[in-house]
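Subject: Structure handover

Hello,

Here is the structure I said I would pass on. My notes on it follow below the model.

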Amino acid sequence: MERPAKVIYLDHAATTAVDPRVVEAMQPYWTERYGNASSIYSLGREAAQAMASARATVADILHCEPKEIIFTSCGSESDNLALRGVAFAQRHRGKGHHIITSSIEHHAVSHTCEQLEKYFDFEVTYLPVDRYAMVDPDEVRRAIRDDTVLISVMTANNEVGTIQPIAEIGRIAHERGIPFHTDAVQAGGALPLDVNDLHVDLLSLSAHKFYGPKGVGVLYVRKGTPLLSMQTGGAHERKRRAGTENVAGIVGLATALKLAYDHAAENNARITALRERLIRGVLESIPDAQLTGHPTQRLPNNASFVFKYIEGESILINLDLLGICASSGSACSSASLEPSHVLLAMGIPAEVAHGSLRLTLGRENTEEDVDYVLQVLPGIVKKLRMMSPLYPGNK
């Protein structure tokens, strides 16, 4: 089949295009209302008012108070501030040095935990997951110790899309008086994120995952949660995160988040239907293909697979040649031979985990896009298997 005239973008879990309405809302704060929000003259007051309005918008969506919202540079910074900020504050208060997290977290959480272990003498329990990448709340309960100072479990996995039982885990944490953080970066704009229903004390978001700009994120911090600032300087963000605010980015984040939730029901229904069409087509047309992640408790846009006998990077290259953008859970592209830590934690053998493919849909995708993928992907997999020394037919 001929390469389509347009690029078919199926990597919305990595990033999204900025919505034109978001660009329009941001534009004045680059060129006309460019003041520093800390300044007392009119340009500064305009910037401060824009930030206050954005903060109120985000707070309304999360069902919290505006003063509980901290604007950051990205989801990774939000995760770092949540983990380090609470861990150090709790230890200073004599509460302990034990952290609980899952074995499938984004590296913004897992690498932060590893650093806290290696350099700051914290102890971390990494919870196992089942074959669907689901955390068992009872495992959380069993892992809690008298010196546990923080629990962090992601809302939905960035690779396989599994949605975790966050509300149940949150209730367990609150029963023991332990601050609970969730990395909700992949869930922003798609799943309900009422912080009270979820029983979370800290929650991370990143604008570029829901058609907002790169370079701006959110950390919700429940009033009374101990948090030590990790970035010092001025008194910005109620002395919790120093640095001149990215006013245009903050306006863009709030605009994008509101647009996402204003249309979440219709977008989720349409994208879920496309996802199911894609999953069904792949599993029916490609032998030795396996869906990864939970079959139903998964993000609306996530279709992730492993294919035996081949490498994920080879699939990506061949898809790219045909105008399709996708991603793989394998880390080979970063000079590592290790497959995805998420797939390994799910019990998928390393040799199979290398053949991973993640297809994540977005607003602009159509049935024609899905059908094109279903026409070309089986041939790509078959061609690569014929070249693989691992494929039984080649031995």
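I start with Ala89, which counts as buried at 12% relative accessibility (buried means under 20% relative accessible area, exposed over 50%, partly exposed in between, with a 1.4 Å probe and protein chains only). Before going on, please note that this is a predicted model, in which local features need pLDDT of at least 70 and side-chain atom pairs count only at pLDDT 80 or more, while totals for chains, interfaces and linings use all residues. Residues are numbered from 1 along each chain as its sequence is written, and side-chain values use heavy atoms, with hydrogens and water left out.

Ala89 belongs to helix α4 (residues 75-92). Helices (H or I, at least four residues) and strands (E, at least two) are DSSP runs, numbered from the N terminus. Leaving aside neighbours within four places in sequence, Ala89 is in contact with Pro226, Leu227 and Leu228, where contact means heavy atoms within 4.5 Å. Ala89 and Val149 are 60 residues apart in sequence, and their C-alpha atoms are 9.3 Å apart in space.

Arg280 gives another such pair: from Ala254 it is 26 residues away in sequence and 36 Å away in space, C-alpha to C-alpha. Arg280 sits in helix α11 (residues 264-285) and counts as partly exposed, at 45% relative accessibility.

Helix α12

In helix α12 (residues 312-321), the buried residues include Gly312, Glu313, Ile315, Leu316, Asn318 and Leu319. What do the buried residues of α12 pack against? Their partners are the strands β10 (302-307), β11 (324-325) and β12 (356-360), together with helix α15 (367-387). Just after α12 comes Gly323, with a positive phi of about 85°.

Most residues other than glycine have a negative phi. Two residues here depart from that without being glycine. Tyr211 has a positive phi of about 70°; its place is the loop between β7 (202-206) and β8 (217-221), and Tyr211 is buried because its relative accessible area is 12%. Arg238 has a positive phi of about 55°; it lies in helix α9 (residues 236-239), and at 56% relative accessibility Arg238 counts as exposed.

Salt bridges

Side chains of opposite charge can pair when their charged atoms come close. The structure holds 17 salt bridges, a salt bridge being a side-chain nitrogen of Lys or Arg within 4 Å of a carboxyl oxygen of Asp or Glu.

One of them joins Asp11 and Arg358, at 3.0 Å from N to O. Asp11 lies in the loop between β1 (8-9) and α1 and Arg358 in strand β12, so this pair ties together parts that are 347 residues apart in sequence. Are Asp11 and Arg358 buried or exposed? Both are buried.

Glu65 and Lys67 form a salt bridge as well, at 3.7 Å from N to O. Glu65 is partly exposed, at 35% relative accessibility, and Lys67 is partly exposed at 32%.

Arg145 pairs with Asp147, with the closest N and O atoms 2.8 Å apart. Arg145 is partly exposed, with a relative accessible area of 30%, whereas Asp147 counts as buried at 17%. Elsewhere, salt bridges that share partners join Asp19, Arg21 and Arg363 into one network.

Surface patches

Patches are made of residues with over 30% relative accessible area and no salt bridge; like charges are joined within 9 Å, and nonpolar side chains (Val, Leu, Ile, Met, Phe, Trp, Tyr) within 5 Å. Lys and Arg count as positive and Asp and Glu as negative, while His and the chain ends are not counted. The place of a charge is taken as NZ of Lys, CZ of Arg, CG of Asp or CD of Glu. Accessible areas come from the Shrake-Rupley method with a 1.4 Å probe, and for residues only the protein chains shown count as cover.

A patch of negative charge on the surface gathers Asp130, Asp136, Asp138 and Glu168. Asp136 is in the loop between β4 (123-127) and α6 (137-143), and it counts as partly exposed at 33% relative accessibility.

Val18, Val23 and Trp30 make a nonpolar surface patch of about 260 Å². Val23 lies in helix α1 (residues 20-26) and counts as partly exposed, at 34% relative accessibility.

Regards
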